[in-house]
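Here are my notes on the model you sent over, as numbered points. Have the structure open while you read.

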Amino acid sequence: MMRVNSNIQGGPNIVGIDQDAVPIEGRVVSWALDGSPVSDFADNVWDFSAYSPSTKVRRFNFDHWCKTESLHEKCLIVELKRLMYLIIWMRHGCQLSITTVRHYFDLLVLICRFASKEKVTLSHVLSVNDLFTNFMNSHSPKQLRSLAQVVSVLQQFSAKDLGFVVVGRSCLLTARALQVAFRQDSPDRQHPPLPARIYSILISKLTSELEVNEALLDRLLGVLVDTDQYRKRNHKGKGFMPRGAFVAVLKNYNLYDAFAERGLTLNLYGINRLILEMYLCSKLLVHLFSGMRDGEAEFLPYDCLAPVAECGPKHYAINGFTTKYANGKK
C-alpha cells in the first residue's frame with residue numbers, strides 16, 4: 001500500500017488514500033490542507049503550497065524550460081514528472097524540506113535542458129557514464145551542488161521503478177567531489193562576522209533611516225488612499241495616473257521633496273519603490289538585532305513584538321516561527 005504521507009516535511013495528513021491500483025500517470029500528487037486533491041500527475045504544474053511552512057506559493061512547473069514544445073521535450077517532461085513523483089512519494093529515509101525538493105527539481109530541469117540539446121532522453125543522461133560526465137563538464141560546480149544527492153536518491157530505486165539503471169559509484173564520487181569543491185571555493189559561502197565598528201555604523205544608519213520612514217508613514221498612507229480613489233473614479237482601477245495629478249497628491253501630503261531627495265519617479269512605481277525601501281530597512285534591522293534567517297524575517301506576522309518582563313528589565317520577544325530545529329515544521 002502506498003504511504004499516506006509524502007516525503008516532504010509538514011503538509012496535510014492524508015488518511016486512507018490507496019492509489020496502488022492506479023498507474024503512476026493517473027495518480028493524485030498533492031493535496032490541500034483540508035484533504036482535497038490539488039494536482040494530478042498529468043498536470044504540468046504541481047502545487048505543493050500546502051506543504052510549505054510559510055505562506056509562500058510552492059509550485060513545480062514542468063514545462064517552463066521548454067523552447068519548442070516538441071515531442072522530444074514532451075517526453076522529457078513525462079520522465080521528469082515520474083522522477084519527481086518517485087522522489088516525493090516513494091523515496092525512503094528522513095523527510096525532505098520543500099526547499100530541498102525544489103533544489104532537486106531545478107537540478108533535474110537542468111539535466112532536461114542538456115538532454116534536449118543532445119537529443120537524448122533524461123534516462124540516457126542519468127544512466128550512460130559518458131553522457132553523465134559530459135553533463136557535469138558542461139556546468140559549473142554551483143549549478144551541480146545538488147547532483148550528488150539526486151543521484152544517491154535515484155540509486156535507491158530499482159530498474160523496474162526507474163526504467164533504467166542509474167550511473168555507478170565512480171560518477172557519484174565525481175559529483176560529490178564537485179560539491180566539496182563548490183563549498184570550499186564558492187564566493188557564496190557565509191561571510192565572516194562584520195567588525196564591530198562597521199556593525200555599529202550600519203545599525204546607526206538604519207536606525208536613522210527607520211525614524212525618517214516612520215515620519216512618512218501616515219502621509220504615505222494618505223497618498224495611497226487618494227491615488228487608489230482617483231484610479232477607481234477615473235480609470236476603473238487601472239494603473240494609469242497622469243503625472244500632474246500624482247504630483248498634486250504628493251504636494252498635498254508634503255511628500256514631493258521626499259520623492260525628489262530619494263530620486264523616486266513621480267508615478268505609482270515611485271510609491272512601490274518607496275515601500276520596498278522602507279520594508280528592506282525594517283527587515284535588515286530585524287536581521288541585525290535577532291540573527292534571523294531570511295525566510296524567518298520575511299514571514300513575520302503583524303504585531304509580532306511582545307514585551308517580556310518576567311526577569312528584571314523589560315525585554316522583547318519576536319513571535320515568529322523557525323523550521324531549522326523542527327524537521328521543517330513551524
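1. Start with aspartate 294, which counts as partly exposed at 44% relative accessibility. (Partly exposed sits between buried, under 20% relative accessible area, and exposed, over 50%, with a 1.4 Å probe and protein chains only.) Aspartate 294 makes a salt bridge with lysine 283, with 2.4 Å between the closest N and O atoms. Aspartate 294 belongs to helix 12 (residues 294-298) and lysine 283 to helix 11, so this pair ties together parts eleven residues apart in sequence. Lysine 283 itself counts as buried, at 13% relative accessibility.

2. Before going on, some ground rules. This is a predicted model, in which local features need pLDDT of at least 70 and side-chain atom pairs count only at pLDDT 80 or more, while totals for chains, interfaces and linings use all residues. Residues are numbered from 1 along each chain as its sequence is written, and side-chain values use heavy atoms, with hydrogens and water left out. Helices (H or I, at least four residues) and strands (E, at least two) are DSSP runs, numbered from the N terminus.

3. How many salt bridges does a search of the whole structure find? The count is nine, taking a salt bridge as a side-chain nitrogen of Lys or Arg within 4 Å of a carboxyl oxygen of Asp or Glu. Have a look at the network that links Glu209, Arg262, Arg273 and Glu277.

4. Arginine 262 is in helix 10 (residues 256-262) and glutamate 209 in helix 8 (residues 196-234), so the pair ties together parts 53 residues apart in sequence. Both ends are partly exposed: arginine 262 at 21% relative accessibility and glutamate 209 at 29%.

5. Arginine 262 also meets glutamate 277 in a salt bridge, at 3.0 Å, N to O. Here glutamate 277 comes from helix 11 (residues 268-290) and arginine 262 from helix 10, so parts 15 residues apart in sequence are tied together. Glutamate 277 is partly exposed, with a relative accessible area of 24%.

6. Now the inside. The largest nonpolar core has 59 residues, and Trp46, Leu80 and Leu147 touch the most other members. (A nonpolar core is a set of buried Ala, Val, Leu, Ile, Met, Phe, Trp, Tyr and Cys residues joined through side-chain atoms within 4.5 Å.) Elements giving two or more residues to this core include strand 1 (28-31), helix 1 (71-90) and helix 7 (169-185). Helix 2 gives the most, with twelve residues.

7. Leaving out residues up to four places away in sequence, it touches, among others, Val29, Phe41, Phe60, Phe62, Met84, Tyr85 and Ile88. Another core, of 18 residues, lies apart from the largest one and includes Leu216, Leu220, Met241 and Leu264.

8. On cysteines: the structure holds zero disulfides, a disulfide being a pair of cysteine sulfur atoms within 2.5 Å. Cysteine 75 is partly exposed at 41% relative accessibility, whereas cysteine 171 is buried at 5%.

9. Next, some backbone angles. Most residues other than glycine have a negative phi. Lysine 119, in the loop between helix 2 and helix 3, has a positive phi near 60° and is exposed at 66% relative accessibility. Aspartate 303, in the loop between helix 12 and strand 5, has a phi near 55° and is exposed at 79%.

10. Last, the hairpin. Strand 5 (residues 305-308) and strand 6 (residues 315-318) pair in the antiparallel sense over four bridges; pairing requires at least two bridges found by DSSP. Leucine 305 stands opposite isoleucine 318. Six residues lie between the strands, and glycine 312 in this hairpin takes a positive phi near 80°.

Methods: Contact means heavy atoms within 4.5 Å.
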